[in-house]
Amino acid sequence: MDPVWDEFRRRRRAFWLAILLGLLWSVPGSLTCSFLVRYGLDYDLAFLLVVVLPAMGNITVAHLSWMFCPCPHCGQSFHCSWFYGNPYARHCVHCGLPKWAPGTGEKKGSRKWDSPEWH
Ligand SMILES: [Zn+2]
């Protein structure tokens, strides 16, 4: 398998792990908020600072990393262009390379994914 696709899998797993950790962080984060409220901090502000912002930041970074994973053929982002983005795209939005296809060292017109059975 192409190492770029291994990196793609790693970034995708990191995104789903970030969502899971965000959900799991809500329990100890809420307990931390309760602790901070005892010292006079507003609960909503504490919840925002301790639970929401770290979880959303982690999810956002993981999602952007997944979305901007480079295509192994053209090197541009596989899932998004400047006006379009689809995290579940089955083909590169720039060159049309199918997901999981090897993508180096081939010239345009000789690519096997140009044939109809790949579409
Ligand atoms: Zn491409």
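This is a predicted model: local features need pLDDT of at least 70, side-chain atom pairs count only at pLDDT 80 or more; totals for chains, interfaces and linings use all residues.
Figure 1. From its first C-alpha to its last, α2, with its 25 residues, reaches 34 Å, which is close to the 36 Å expected at 1.5 Å a residue.

**Figure 2. The kink at Val52 in α2.** Val52 has its place in helix α2, and a kink of about 35 degrees lies at this residue, shortly before the proline Pro54. Val52 counts as partly exposed because 15 other C-beta atoms lie within 10 Å, whereas a buried residue would need 20 or more. Across the chain, the C-alpha atom of Val52 is separated by 9.3 Å from that of Trp25, although the two residues are 27 residues apart along the chain.

**Figure 3. Helix α1, its span and its kink.** Helix α1 comprises residues 3-37, and its 35 residues should span 51 Å at 1.5 Å a residue; the end C-alpha atoms are 48 Å apart, which agrees with that expectation. A kink of about 35 degrees lies at Ser26 in α1, shortly before the proline Pro28. The buried residues of this helix are Phe8, Phe15, Ala18 and Cys33, and what covers them includes α2, residues 43-67.

**Figure 4. The packing of α1 with α2.** Two packed helices are described by the angle between their axes and the distance between the axes. Here the axes of α1 and α2 come within 8 Å and cross at roughly 170 degrees. Because an angle over 145 degrees counts as roughly antiparallel, α1 is roughly antiparallel to α2. The residues that form the contact of α1 with α2 divide into 19 nonpolar, eight polar and two charged.

**Figure 5. Leu21 of α1 and Asn58.** Leu21 has its place in helix α1 and counts as partly exposed, with 15 C-beta neighbours inside 10 Å. The view pairs Leu21 with Asn58, a residue 37 residues apart from it in sequence but 9.0 Å apart in space, taken from C-alpha to C-alpha.

Figure 6. Leu97 counts as buried because it has 22 C-beta neighbours inside 10 Å, while Trp100 is partly exposed, with 13 other C-beta atoms within 10 Å. Between Leu97 and Phe78, which are 19 residues apart in sequence, the C-alpha to C-alpha separation is 8.7 Å. The backbone at Trp100 also deserves attention, for its phi is near 75 degrees, a positive value in a residue other than glycine.

**Figure 7. The protein chain as a whole, for orientation.** The secondary structure of the protein chain comes to two helices and zero strands. Of its 119 residues, 14% count as buried. Among contacts in the protein chain between residues at least 6 apart in sequence, 40% join residues at least 24 apart.

Technical notes:
Residues are numbered from 1 along each chain as its sequence is written. Helices (H or I, at least four residues) and strands (E, at least two) are DSSP runs, numbered from the N terminus. The expected span of a helix is 1.5 Å times one less than its number of residues. The bend at a residue is the angle between axes fitted to the seven residues ending there and the seven starting there. A residue is buried if 20 or more other C-beta atoms lie within 10 Å of its own, exposed if 12 or fewer, and partly exposed in between; C-beta atoms are placed from the backbone. Two residues are in contact if their C-beta atoms, placed from the backbone, lie within 7 Å. Axes are lines fitted to C-alpha atoms, for helices over the stretch in contact, and angles run from 0 to 180 degrees between N-to-C directions. Angles under 35 degrees count as roughly parallel, over 145 as roughly antiparallel, 65 to 115 as roughly perpendicular and the rest as oblique. Ala, Val, Leu, Ile, Met, Phe, Trp, Tyr, Cys and Pro count as nonpolar, Asp, Glu, Lys and Arg as charged, and the others, Gly among them, as polar.
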